[in-house]
Amino acid sequence: MGNMKKRIIGLSIVFGLFALSSIASAQEKYFTKSGAVNFDCSTSVEDITAKNAKGVCVLDTKTGAIELAVLMKAFEFKRALMQEHFNENYVESDKYPKAIFKGKVENCPDLTKNGTYDVVITGTMDLHGVTKRMTAKGRIVVNGASVNATTEFIILLSDYAIEIPSVVKDKISNKVKISVSLWLAPLK
Amino acid sequence: MKALIVSFLLVSTLAVPALAQESLLDEVKDSVQSKEYVSNAFKSTRIINGQSIEMLGAGSLDFRILHRFGLISQGIDQLWGLDQSTTRLSFDYAPITNLLVGFGRSSAKKELDGFVKYRLIQQSRGETVMPVSVVLTAGMMCQTLPWEDTTHPNYFTSRLSFFQQVLVGSKISDAFTVQLMPTLLHRNLVDFVTDASDIFALGVGGRIKVTNRIAFTFEYYHSFNGMHNVNMDPISVGFDIETGGHVFQVHLSNAVGMNERSFLTETVNDWTKGQIQLGFNISRVFQL
């Protein structure tokens, strides 16, 4: 290989990387740091609901890749003792501080165009040290600059090795309804 | 030029999936780690007899039933002490985070007690590191038994005792918490002229978690002055067992008293002679 050719290839790699970095920073990614993630595992005996307003999410509209992370300690309960037990005994927040979903929005819409889009999200959820595949239906509503992505799905605590002691078996539902609402903004 | 285009395309197509492999979340990662308070250093606001650095959540009411059996050393005649009992019932309430007020009554000497507990500093990690929690406690006790000796004047103030404590503790790991409790106790009336009215004691206590819901606890107070020579330092060991809304604290101790005056000045039993008794505390927390 000639010296000239080598130089051209080297130069083109540099150019390629430049082009790449511009692709990476193009306006295709959306994010939020204040996503609402709420859950409900109430039974007829006890109301158990919690709210988390600190969900961090990034959506890459080009690939449909989406990631959502929530800090377990940021879940707020109406009753302080419930929150303590949630962190200490059930999800073990010190050991497993975050729940992370990594997946893909199938047929991810162009978020610069107004509309209501029904989507399907598939991926894996990492919770309490257990990673499990899951699928959920979601909806993205675009109205000008406002982009709201929502989904609702059910997980089983037993799937994630979160044990319910027998004495409180009829107080806590093994089925947990999780609802997510994200107001996404362009990522600079 | 051809090489340039080819290599450009090559690099682009190779590198894009490589980039997608990385975590998207890294792009919005917070540069500063936020401050995180260390909570749940103990399962309950008391280790066994004395206060722990743990508080209650705002709006929580803790109904506590304390029960002490008789001495195990009494043997089968008294069913190892199970035939006898003294109790203390109390309500503790947290009007706001970091503040706890409580009121109780012990069957021994029909003694009422009240206290205020304030968390000055809470242990934290992350952006602001604070290795310890500091909690201040002050309380008052009032005996309501009729006077034994009515041949001389008795004053209401003679029924009163007061204590102040500084609790300094650290949840060193998820499983291990330790705390020191320098304590000042004042009695308005003492039994003997040789007894000091003001007693200074230093306590040490802690817990070791066995499982998420069960913890081993220990508590020891040493009094430095003014103790009548029959007095012993109270030593207690036990287990905290947590079920849903209750915490059961089962323990062995040489202290019979369930308030600060009582366990610091009226402990006469000796562990080395087997003079210990079984006791339990039940804590039930309600959200108001």
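This report describes strands, cores and selected residues in a predicted model.

## Chain B in outline

Chain B is built with 2 helices and 14 strands. Of its 288 residues, 33% count as buried. Among contacts in chain B with a separation of 6 or more, 56% are between residues 24 or more positions apart.

## The barrel of chain B

In chain B, 12 strands close into a barrel, and their pairing is antiparallel. The order around the barrel is S2-S3-S4-S5-S7-S8-S9-S10-S11-S12-S13-S14. On average, neighbouring strands of this sheet are turned by 20 degrees against each other, direction ignored.

One pair in this order is S10 and S11.

## Two loop residues with positive phi

Where in chain B is B:Asn98 placed? B:Asn98 is in the loop between strand S3 (85–93) and strand S4 (99–106) of chain B. Its phi is near 75 degrees, a positive value in a residue other than glycine. B:Asn98 counts as partly exposed because 15 other C-beta atoms lie within 10 Å, and a buried residue would need 20 or more.

B:Lys109 lies in the loop between S4 and strand S5 (111–121) of chain B. Phi of B:Lys109 is near 60 degrees, again a positive value in a residue other than glycine. With 18 other C-beta atoms within 10 Å, B:Lys109 is partly exposed.

## A buried arginine

B:Arg261 belongs to helix H2 of chain B, which covers residues 260–265. Why does B:Arg261 count as buried? B:Arg261 has 25 C-beta neighbours inside 10 Å, so it counts as buried; the cut-off for this is 20 or more.

Leaving out residues up to four places away in sequence, B:Arg261 touches B:Met141, B:Ser161, B:Phe163, B:Leu185 and B:Arg187. B:Ile199 is 62 residues from B:Arg261 along the chain, and the C-alpha atoms of the two are separated by 9.7 Å.

## Strand S9 of chain A

Strand S9 of chain A (residues 175–186) pairs with strand S1 of chain A (residues 29–40) in the antiparallel sense, over 7 bridges. S9(A) is also joined to strand S8 of chain A (residues 146–156) by 10 bridges, and these strands too run antiparallel.

Which residue of S9(A) is the bridge partner of A:Val37? The partner is A:Val180. A:Val180 is also the bridge partner of A:Thr151.

## Nonpolar cores

The largest nonpolar core has 40 residues. The members that touch the most other members are A:Tyr30, A:Cys57, A:Leu59, A:Ile66, A:Val147 and A:Leu184. The elements of chain A that give two or more residues to this core are S1, strand S2 (49–60), strand S3 (65–71), helix H2 (80–90), strand S5 (98–106), strand S6 (115–127), S8 and S9. S3(A) gives the most, with 5 residues.

A:Ile66 touches A:Cys57, A:Leu59, A:Gly103, A:Lys104, A:Val105 and A:Ile121, not counting residues up to four places away in sequence. Apart from this core lies another, of 11 residues, including B:Leu66, B:Ala201, B:Ala255 and B:Leu264.

How values were computed
Residues numbered from 1 in each chain as written. Chains lettered and ligands numbered in written order. Predicted model: local features only at pLDDT ≥ 70, side-chain atom pairs only at ≥ 80, totals over all residues. Helix = DSSP H or I, 4+ residues; strand = E, 2+ residues; numbered from the N terminus. Buried ≥ 20, exposed ≤ 12 C-beta atoms within 10 Å, placed from the backbone. Contact = placed C-beta atoms within 7 Å. Pairing = 2+ DSSP bridges. Core = buried A, V, L, I, M, F, W, Y, C linked by C-beta atoms within 7 Å. Axes fitted to C-alpha atoms, helices over the stretch in contact; angles between N-to-C directions.
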